[in-house]
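I opened this notebook page to look up a metal site and a pocket. The entries follow the order in which I went through them.

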Amino acid sequence: MNNTNPYLQFDRQMVGDIYTSQEVMENLTVLCDEHGSRFAGTPEEYAAANFIAECFKRYGLQNVRLEAYPYAGWTRGTATLEIISPIHRTLHCISLPYCPAGEVAAELVSAGYGSPAEYSALGNAMVDKLVMAKSASPPALGRWVHRKEKFERAVLGGASAFIFLSEHPGVGPETGSLQNDNPAPIPGISVCKEDGEFLARLMARHGNVTLKLQTTDINEPRTSWNVVADLPGHESSEEIVILGCHYDGHDISQGAHDPASGMVSVIEASRVLAAYAADSLKRTIRFIAFGTEEIGLTGAFRYVEAHASELDNIRFMLNMDAAGGTSRKGIVLHHWDTLEPFFHEAREQMNAEVPVGQKVHSYSDHFPFFLKGVPSSHMGDAEAPPAGRGFGHTAYDTLDKVQLENLRAASAVGARIALRTANAENFPAKRRTAEAVQKIVDTDPGLEGYRISLKLKQ
Ligand SMILES: [Zn+2]
């Protein structure tokens, strides 16, 4: 199809630069190899925030700053899991973020895949027991079931502790927080797939299996930071488009794919937009590196609180969490039907593979914006079936697994979409009312986990 591309000159310059530069991989190397996991509350996190701010300054962005906020900090302690009956054995395990320190000895029960049906079938059999669930989503349910939903159903069922079993062989235990910005009411730990299978065999052969779990984690208040930088618009500096990604990873990992591949793609988009589009920008593009996402989307929640008076002026928010990984570089809209034709046209202009779809979930930094009614999206593939994390959230999410081509593709799509959303004369979406948001929250099947969180808070 032959169609005119009003952004052709910018596209050639920005995309040409991205595909002839190593900068995005160099930035990934600094984030992962020099600043490590960048886990919330660590010196590495603060050093990474400053590195990102330096990149933004070096590329010519304005108002570059770290915005500090308090949050519920958590530090991993050693966790011990012992089988005390019918045999004696110690298994390797790790605490999950927001696990409290404690000691629990109890019988083990299995919630299988942790589907709503499996939890209701357990019923009172969960009370005061150690409940285990696999990380895999229930095969027949047709939706992803997040770890937090499985944990919270165990808490609501009266469990005394929770064990998360990885679904992937050979990658060790999978981490991930139990709660958002809040110490968990009961301990939760994770074991590798191989030990999970062993526990399941033991239960099948012997019926009753009793375990003792000890955790020593520290929960205490701390400070974290969002990094914010602007490329000002010349027609309106108040109306803004946001490109964001978190920079914190999990403490057991480099977090190279999740999130750093997305973070460096945001930084790379800022570099080429500043170099080639700054003088022609009609509205402001704001780049945000969110802190503390992995343990509660806390940086993003604090951002929307601190910037409440500006939310009407956010034209569009694109969350690029882990976007430089292997998934397709599409635009996944959060119930914004009126925006589909806009992005279809953008895709035609760009001559790029950019699947456009609709699907919202509550487990990344777009969600606080979605809850405030801001037109929001994330980079990904709305058509992809529910899948596990693979090496994600394990010690094996390392830089060697990230492909330069994927970083380039994510950076290019991010920069081109940001330019088009900032410069469009008529952008067909406006902030939703609280009532309209509530209606989606109450009915969207993909937000079932969020509804369970609200139930637990009551
Ligand atoms: Zn992430």
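For the metal site I took as donors the N, O and S atoms within 2.8 Å of the metal (3.2 Å for Na, K and Ca), and since water is not among the atoms, sites may look incomplete. I am working on a predicted model, in which local features need pLDDT of at least 70 and side-chain atom pairs count only at pLDDT 80 or more, while totals for chains, interfaces and linings use all residues. Residues are numbered from 1 along each chain as its sequence is written, and side-chain values use heavy atoms, with hydrogens and water left out.

I noted that the donor residues of the zinc ion follow the spacing H-x11-D-x62-D in sequence. His246 in strand 11 (residues 236-246) and Asp258 in helix 7 (residues 256-276) lie twelve residues apart, and this pair links distant parts of the chain; helices (H or I, at least four residues) and strands (E, at least two) are DSSP runs, numbered from the N terminus. The coordinating atoms are His246 (NE2), Asp258 (OD), Asp321 (OD) and Asp321 (OD), at 2.0 to 2.5 Å.

Pocket. For the second largest pocket I recorded that helix 6 gives the largest share of the lining, four residues. A pocket here is an open set of points on a 1 Å grid over the protein atoms alone, where a 1.4 Å probe fits, with protein on both sides within 12 Å along at least five of seven lines, and lining residues have an atom within 4 Å of a point. Among the lining residues are Ser110, Met132, Lys134, Glu167 and Lys193.
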